[in-house]
Amino acid sequence: MNQRGGNVDYTRDVQKALDYIEKNLNSKIDTKELAQIVGMSVYHFHRVFKKEIKVGIYKYIQKRRMSQAALLLLNSDLSIITISLISGFSSQEAFTRVFKRYYKMPPHQYKLQFKHFFRRQELMNDQEIKHWMITGENFDKYEVSMDYEMFHSDKKSVKIQGPNEKDASSFATVMQQINSKNYRNKRVKLSAYLKTEDVVGWAGIWFRIDGKNFHQLKFDNMEDRPIVGTNPWNYYSSVLDVPDEAERLVFGCLLQGPGILWADDFSINVVGNDVKTTDFNSELIFPDEPNNLSFTD
């Protein structure tokens, strides 16, 4: 675990647990063993996980298994009983009850109703996402679409696919901005679930607080903790203090260079001061005094 400013940061511990869950969705997951993997007691692990993810460990695992089951229903020819067993249920009846709770219809109806519909929609890459803006630098090199065959929960995620060539000057972002009036003088946490494939440059979420005339007051773009390569769904966050003079909160996800980024389940919440901020801190980067001014070192 990390500790800074007297506050304990469990982000990496929770990410390690989520990574284990993603790799073992089709197997029995022992939460006692999982707590040992991240170096916590079972009680402490459950408490930390729920505080960070906003849902208990058992419910989270069930939610992810239901999302995986929905994907299998849409994209495979496996029988419902086989999908039930893959999802950790001993009977199709028990699986159907839980599936209906999440998707409001039984698995068979879900498969018939949405399988071909989603595939048609996935081909409609018109680069328009309600309430979100798609922008960046040379972002026309990137393909942005809704992906109905890869998601963390519900039925879809946003997908950013990079160009074939590595270009350090280009990136694409899917972003949104909101009024800051409900968040002024509060500590705010932006979080999202991200998945990557063959990312050469870097990917992540970003969070910015603007004042008058778009003056940047606070900023974090995960540049000090970039996501590269191929990674399963995991939880990422950015925490900033919103000053009194703030006028807007701006946030999104971005991809620079080749690879694919999927993003899902964004959330913005007010948090307590026990949650450390992630914004750029000059005291941690720059020395207090200049050095080697005569170039003699």
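Predicted model: local features only at pLDDT ≥ 70, side-chain atom pairs only at ≥ 80, totals over all residues.
Is Trp132 buried, partly exposed or exposed? Hold that thought for a moment, everyone, and hello. Now to the tryptophan: its relative accessibility is 24%, so Trp132 counts as partly exposed, since buried would require under 20%.

Let's stay with Trp132 and look at its partner. Trp132 and Phe251 form an aromatic pair. A pair of aromatic rings is described by the distance of the centres and the angle of the planes. Here the centres are 5.8 Å apart and the planes stand at 90°, an edge-to-face arrangement. The two residues come from distant parts of the chain, 119 residues apart: Trp132 sits in the loop between helix H7 and strand S3, while Phe251 belongs to strand S10. Phe251 has a relative accessible area of 5%, so this residue is buried. If you search the whole structure, you find twelve aromatic pairs.

Phe251 also takes us to Phe207, because these two are in contact by the 4.5 Å cut-off. Among the other residues that Phe207 touches are Val188, Leu190, Leu240 and Leu249. Phe207 is one of the residues with the most contacts inside the largest nonpolar core, which has 31 residues. Others in that group include Ile160, Val174 and Cys253. Strands S5, S6, S7, S9, S10 and S11 each give two or more residues to this core. The largest share, nine residues, comes from S7. There is also a second, separate core of 25 residues, with Leu25, Ile29, Phe45 and Val48 among them.

Phe45 and Val48 bring us to helix H3, where both are buried. H3 runs over residues 42–53. Which residues of H3 are buried? They are His44, Phe45, Val48, Phe49, Glu52 and Ile53. These cover an arc of only 135° around the axis, which means they lie on the same side of H3. On the face turned away from the buried side you will find the exposed residues Tyr43 and Lys50.

And what do the buried residues of H3 pack against? Helices H1, H2 and H4, together with strands S7 and S9. Phe45 and Phe49 also share one aromatic cluster with Tyr60, Tyr193 and Tyr235. Just after the helix, Lys54 takes a positive phi of about 75°.

Definitions and conventions:
Residues numbered from 1 in each chain as written. Heavy atoms only, no water. Core = buried A, V, L, I, M, F, W, Y, C linked by side-chain atoms within 4.5 Å. Buried < 20%, exposed > 50% of the residue type's maximum accessible area, 1.4 Å probe, protein only. Helix = DSSP H or I, 4+ residues; strand = E, 2+ residues; numbered from the N terminus. Expected span 1.5 Å × (residues − 1). Arc of directions from axis to C-beta. Phe/Tyr/Trp six-rings, centres within 6.5 Å; stacked < 30°, edge-to-face > 60°. Lists of a residue's contacts leave out its neighbours within four places in sequence.
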